[in-house]
Amino acid sequence: MNFVNKKALLERLKTHVSTWQQQQLLFSYDIKGEGRLSDATLRLHQRQTGFSLTVSMHFLEEALQVTNFTLQEDDRLEDQCQPLYDAALIELMIQSLMLLFFCAQSLHKNEMCFILSNEGTFHFDLLKSLFSSVQPCLTRQGKCQILTLSLWPSEADQFCYSLEHIKIQLQHQLWRYQKSDSLVRRYLQNADRQAVDVFNTHGKNNPRETESSEKNVISFSSALKRRAAL
């Protein structure tokens, strides 16, 4: 893939992100990227929180290889509202994976694989079962794991279905929290959520309001808690 084609790919990805239906998402997104001779870097930005994921990719003949998956977030939101914070991280993960999946399919690759340190796979604990295989490997940087997704139709369709299902569960769980959490309620009921800055729309929560008898469909506090780079 030459530089001109990479520029075209990045424009295609930007267009793709712009078509995401906001009524099906909790947050809104934009994307930046750059291409070099043998790889490309993407940064998916979550507007309301300022969180982002930066991804480094290599374009192999048959596969899209991800070698860096770095999360950048602001723990002020965790202090203000744990449910909104966890929901933001999980949805950002899901949308990043869906974007990479779209990228791999656009390039007609047969598989997508992530080469991550053992510590770096923590954020994938919730999602490892969705991959075709998870295997240990040893590199110059130390012990790693390779998460591989086959892009043949049956496995690719199941991967997309599973991500959409998790996203729906996530939305349902957050809507349950709005009954007992005033910050979640103010955010979800905002008429123009795309223009919201979550750090300036509300004050501190009343500690009593954060209590909920609902059992998490997705384990917010454990699935994506660490804030280390993947």
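Grid points are joined across faces, edges and corners, and a volume is the space filled by probe spheres set on the points.

**Entry 1: the model.** I worked on a predicted model, in which local features need pLDDT of at least 70 and side-chain atom pairs count only at pLDDT 80 or more, while totals for chains, interfaces and linings use all residues. Residues are numbered from 1 along each chain as its sequence is written, and side-chain values use heavy atoms, with hydrogens and water left out.

**Entry 2: the fold.** I counted 6 helices and 7 strands in the chain, taking helices (H or I, at least four residues) and strands (E, at least two) as DSSP runs numbered from the N terminus. Read from the N terminus, the order of elements is α-β-β-β-β-α-α-β-β-β-α-α-α. Of the 230 residues in the chain, 49% are buried, where buried means under 20% relative accessible area, exposed over 50% and partly exposed in between (1.4 Å probe, protein chains only).

**Entry 3: strand S3 and its partners.** I looked next at S3 (52–59), which is largely enclosed by the rest of the structure because 7 of its 8 residues are buried. Two strands count as paired if DSSP finds at least two bridges between them. On that basis S2 and S3 pair in the antiparallel sense over 7 bridges, and S3 and S4 do so, also antiparallel, over 8 bridges. Ser-52 of S3 is the bridge partner of His-45, and Ser-52 also stands opposite Gln-72 in S4. The hairpin of S2 and S3 has 5 residues between the strands, and Gly-50 there takes a positive phi near 80°; the hairpin of S3 and S4 has 3 residues between them.

**Entry 4: the core.** The largest nonpolar core holds 65 residues, and those touching the most other members are Met-57, Phe-69, Leu-100, Phe-114 and Phe-124. Helix H3 (residues 82–106) gives the most to this core, with 16 residues. I used the term for a set of buried Ala, Val, Leu, Ile, Met, Phe, Trp, Tyr and Cys residues joined through side-chain atoms within 4.5 Å.

**Entry 5: aromatic pairs.** I searched the whole structure and found 7 aromatic pairs. Phe-69 and Phe-114 form an edge-to-face pair, 5.8 Å centre to centre with 75° between the planes. This pair links distant parts of the chain, since Phe-69 lies in strand S4 (residues 63–72) and Phe-114 in strand S5 (residues 111–117), 45 residues apart. Both Phe-69 and Phe-114 are buried. Phe-131 and Phe-159 form an edge-to-face pair at 5.8 Å centre to centre, with 65° between the planes. Here Phe-131 sits in the loop between S5 and strand S6 (133–139) and Phe-159 in helix H4 (residues 153–177), 28 residues apart. Phe-131 counts as buried because its relative accessibility is 7%, and Phe-159 is buried with a relative accessible area of 1%. Ring pairs link Phe-69, Phe-101, Phe-114, Phe-131 and Phe-159 into a cluster. My cut-offs were these: rings of Phe, Tyr and Trp (its six-membered ring) pair if their centres lie within 6.5 Å, and planes under 30 degrees apart count as stacked, over 60 as edge-to-face and the rest as tilted.

**Entry 6: the cavity.** The structure holds 1 cavity of 30 Å³ or more, and about 40 Å³ of space lies in the largest cavity. Its lining consists of Leu-42, Leu-44, Leu-53, Val-55, Ser-96, Leu-99 and Leu-100. Strand S2 (39–46), S3 and H3 each supply at least two of the lining residues, with the largest share, 3 residues, coming from H3. By class this lining has 6 nonpolar, 1 polar and no charged residues; Ala, Val, Leu, Ile, Met, Phe, Trp, Tyr, Cys and Pro count as nonpolar, Asp, Glu, Lys and Arg as charged, and the others, Gly among them, as polar.

**Entry 7: the pockets.** I found about 210 Å³ of space in the largest pocket. This pocket is lined by 13 residues, of which His-16, Trp-20, Met-98, Glu-164 and Lys-167 lie nearest its centre. H3 gives the most to the lining of the largest pocket, with 5 residues, and the lining divides into 5 nonpolar, 6 polar and 2 charged.

Conventions. 1 Å grid on protein atoms, 1.4 Å probe; cavity = no way out; pocket = protein on both sides within 12 Å on 5 of 7 lines; lining within 4 Å.
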